[in-house]
Amino acid sequence: MARTVALVGALHPAARELALALEDDLEVERVLGLSRHEPPLLGPKFEFVQAGPGDPAFADALDGVDTLVLFPLIDAADRNEEGRRARVLEGTRRSLEAAAGAATVVLWSSGVVYGAHPDNPVPIPETQPARPNPEFPAAGILAESERVALEAGSGDGPTVVVLRGAGVWAPAWGTFLARSLMAPAMVGVRGQDPPLQALAPADAVSALVLATSGRLQGIYNVAPDDWVGAKEAARAAGRRRLEVPQRVAQSTTERLWQAGMSAATTGELAFQTHPWVLDNARLRSAGWAPTRSSAEAFAEAGGQKPEGVLVGGVQIRRGDVFRGAAATLALAAAVAVARRQARAARSARPATRRPAPGRRPTSPM
């Protein structure tokens, strides 16, 4: 039976790639893309609806769809934390209400909801409770969006699937991780070599395709089979790694955020320090398998160049998101280097002998 799949948040790069992949799915007849800004032209099945949650055309378009896929949009540049949280959650609720007849609801989330903590298991299974870092507000909003979606699936509600993706470093996705990869050097905290994962965009999309089929239910991690240390990740991506003291990176990030010069918060530093790699066993047992290792995905991401206007962050709206994250850490690195050079110059400078009283210092010339 031909199905209609609706993508709310159609500007997200995962939504665009999913729409292209569904062109080859014989069970899908129509793909609706809903957002307030038109995405690039896609395939013949794709129909764009210029509307967002709360617009009259939004509810009309979602009436009668078979599958709803949600990409929560979080504007990290918005300093009104309570306001943006309310908007995202209200958008999720309105989407679920408008598509009340859908058989399947898929929410694209992120492994950042587990938080980056020193006591995280390696890898993290789906049974681990969500513990988003308070200093990384986008993760908390995603965790609440998950709760709203899962509650909608209780009782006689739709089948709800939550996909928690591992880190996507590909520049085209515009995540805060991708922005750190595009910096002149991958900056890390001195003395820390945390395990990192890189999820290839193609593997993220194949998980989304499987989720839209209606054969999944509940929460699934989407991740490669492995992980690598941060130093090895930098080598795989063809980047230099520059380590700075944590206090330097943290203070620089905080000052730039307070000055409004960067959307990067100090919460990002936790993901360069503590483990948050995901266990993919549950999704693998459902028939999905990654095609790239972490090292291969890092290498692919390192060889790409960003194009066009990016959408990203952790499910985030256009280029405002985490703008300056890489610049923030790069500046922190520059500060640390300058301090080291200054100390080296002082230690190399010959001591100046004070002249005896009543005598003038002599010149060697």
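## Handedness and the model

A crossing of two helices is called left-handed if the near helix is turned anticlockwise from the far one by less than a right angle, and right-handed if it is turned clockwise. By that rule the crossing of H7 and H10 is right-handed, and the crossing of H3 and H4 is right-handed as well. The model described here is a predicted one.

In the protein chain there are eleven helices and 13 strands. Of the 365 residues in the protein chain, 53% are buried. Among the contacts in the protein chain with a separation of 6 or more, 78% come from residues 24 or more positions apart.

## The open sheet

Seven strands form an open sheet in the order E3-E2-E1-E4-E5-E6-E9, and their pairing is parallel. Strand E3 (46-50) and strand E9 (218-222) are the edge strands, each of which pairs on one side only. On average, neighbouring strands of this sheet are turned by 20 degrees against each other, with direction ignored.

Within this sheet, E1 and strand E2 (residues 28-35) run parallel and are joined by six bridges. Helix H1 (residues 13-22) lies across E1, E2, E3 and strand E4 (67-70), and H1 runs at about 165 degrees to E1. Helix H4, in turn, lies across strand E5 (104-110), strand E6 (159-165) and E9, running at about 165 degrees to E5.

## Two arginines

Arginine 3 belongs to strand E1 (residues 3-8), and its bridge partner in E2 is valine 28. Is arginine 3 buried or exposed? Arginine 3 has a relative accessible area of 12%, and because buried means under 20%, arginine 3 counts as buried. Not counting residues up to four places away in sequence, arginine 3 touches Asp25, Glu27, Val28, Glu29, Arg30, Asp66, Thr67, Thr212 and Ser213.

Arginine 16 sits in helix H1, the helix that lies across E1, E2, E3 and E4. Its relative accessibility is 30%, and arginine 16 therefore counts as partly exposed. Once its neighbours within four places in sequence are left aside, arginine 16 is in contact with Ala10, Pro40 and Leu42. The C-alpha atoms of arginine 16 and valine 205 are separated by 9.5 Å, although these residues are 189 residues apart along the chain.

## Helices H3 and H4

The axes of helix H3 (residues 81-98) and helix H4 (residues 137-152) come within 10 Å and cross at roughly 25 degrees. That angle makes H3 roughly parallel to H4, because angles under 35 degrees count as roughly parallel.

On the H3 side the meeting residues are Glu81, Arg84, Arg85, Val88, Leu89, Thr92, Arg93 and Leu96, while H4 brings Pro137, Ala138, Ile141, Glu144, Ser145, Val148, Ala149 and Ala152. Sorted by class, the contact of H3 with H4 has nine nonpolar, two polar and five charged residues.

## Helices H7 and H10

For helix H7 (residues 230-237) and helix H10 (residues 294-302), the axes come within 7 Å and cross at roughly 45 degrees. H7 and H10 are therefore oblique to each other.

Which residues of H7 and H10 meet? Ala233, Ala236 and Ala237 in H7 meet Ala295, Phe298, Ala299 and Gly302 in H10. The residues of this contact of H7 with H10 divide into six nonpolar, one polar and no charged.

Terms used: Residues are numbered from 1 along each chain as its sequence is written. This is a predicted model: local features need pLDDT of at least 70, side-chain atom pairs count only at pLDDT 80 or more; totals for chains, interfaces and linings use all residues. Side-chain values use heavy atoms; hydrogens and water are left out. Helices (H or I, at least four residues) and strands (E, at least two) are DSSP runs, numbered from the N terminus. Buried means under 20% relative accessible area, exposed over 50%, partly exposed in between (1.4 Å probe, protein chains only). Contact means heavy atoms within 4.5 Å. Axes are lines fitted to C-alpha atoms, for helices over the stretch in contact, and angles run from 0 to 180 degrees between N-to-C directions. Angles under 35 degrees count as roughly parallel, over 145 as roughly antiparallel, 65 to 115 as roughly perpendicular and the rest as oblique. Ala, Val, Leu, Ile, Met, Phe, Trp, Tyr, Cys and Pro count as nonpolar, Asp, Glu, Lys and Arg as charged, and the others, Gly among them, as polar. Two strands pair if DSSP finds at least two bridges between them.
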